Amino acid sequence: MKYLYSTCTTITTLSILALASFMAASAGNLNQDFDITWGDGRAKILNNGDLLTLSLDKASGSGFQSRNEYLYGKIDMQLKLVAGNSAGTVTAYYLSSKGSNWDEIDFEFLGNLSGDPYILHTNVFSQGKGNREQQFYLWFDPTADFHTYSILWNPQRIVFSVDGTPIREFKNSESIGVPFPKNQPMRIYSSLWNADDWATRGGLVKTDWTQAPFTASYRNFNANACTLSSGTSSCDSNSASSSSNAWLSEELDSTNQGRLKWVQSNYMIYNYCTDAKRFPQGFPPECNIA
């Protein structure tokens, strides 16, 4: 298959240990926001902090993480994915906390043979439980240019977006017993690594190392977010009233609900909420929410 192309609620309390004034980390120098954590020189911050690249060869991949921890936020990053024959490679970009009962919000980009589409894999973990996969094709070639991949995480919902178009919404369903990420601060992580045992056609297509090094690029990071330092949050319960902090109570308007339905009707290729073979005893409770 070739690439497809085609034309609030008010928050009264936040479950945060300590509350202070809001701080927004704006688009700026990647040197200030991220640390390269592994790869032995394969990850680089270039152009005075405007560009970050990860590379993968047969010896190793590479990765980075944010200096800040976040507890709710609206986070954007522009990525340009590995071009050409990217089969077997995975570019992961996600938020995650620590520990055995961790929370996590995932974008993973599964490489493919030249001309075949990337698969965008999404997942949400809460208290160590995931198994909430949704997968999509994209309506453009994500290797030809940079595109913006965004996560909105507030007390009511998590929304995954691509170039401003929502592709997935995971609502807070604690009222029916579904855990929701709400009290574990998360860092941003990204890595480029070899996963040819499963990434492309279930592991049937292996990484072609003659094409190495493989490179993914990042720029224009922006975070309007609650940051944590020594257990103290930069947000307070009054921050939702500020127009600059509107993301804390943001929800999908009718236009974006229509865009979400368009993506899910035309580009979703897997949804755990419709996989009856996987859940013979019945679907997870959040799947029954409209």
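Glu251 is partly exposed, with a relative accessible area of 37%, where buried stands for under 20% relative accessible area, exposed for over 50%, and partly exposed for values in between (1.4 Å probe, protein chains only). The model is a predicted one, in which local features need pLDDT of at least 70 and side-chain atom pairs count only at pLDDT 80 or more, whereas totals for chains, interfaces and linings use all residues. Residues are numbered from 1 along each chain as its sequence is written, and side-chain values use heavy atoms, with hydrogens and water left out.

The side chain of Glu251 meets that of Arg157 in a salt bridge with an N to O distance of 3.9 Å, a salt bridge being a side-chain nitrogen of Lys or Arg within 4 Å of a carboxyl oxygen of Asp or Glu. Arg157 lies in strand E12 and Glu251 in the loop between E16 and H2, so the pair ties together parts that are 94 residues apart in sequence; helices (H or I, at least four residues) and strands (E, at least two) are DSSP runs numbered from the N terminus.

In total, the structure holds eight salt bridges. Among them is the contact between Asp35 and Arg67, whose closest N and O atoms are 2.8 Å apart; this pair links distant parts of the chain, with Asp35 in strand E2 (residues 34–38) and Arg67 in the loop between strand E5 (62–66) and strand E6 (69–80), 32 residues apart. Asp35 is partly exposed at 31% relative accessibility, as is Arg67 at 43%.

A further salt bridge joins the side chains of Glu250 and Lys74 (3.0 Å, N to O), linking the loop between strand E16 (232–233) and helix H2 (254–266), which holds Glu250, to strand E6, which holds Lys74, across 176 residues. Glu250 is partly exposed with a relative accessible area of 26%, and Lys74 is partly exposed with 28%.

Glu250 and Lys74 also belong to the lining of the second largest pocket, which comprises 14 residues, and they are among those nearest its centre, together with Val159, Ser161 and Gly164. Strand E11 (147–153) and strand E12 (157–162) are the elements that give two or more residues to this lining, and the largest share, four residues, comes from E11.

How values were computed. On a 1 Å grid over the protein atoms alone, a cavity is a set of points where a 1.4 Å probe fits but cannot get out, and a pocket is an open set with protein on both sides within 12 Å along at least five of seven lines; lining residues have an atom within 4 Å of a point.
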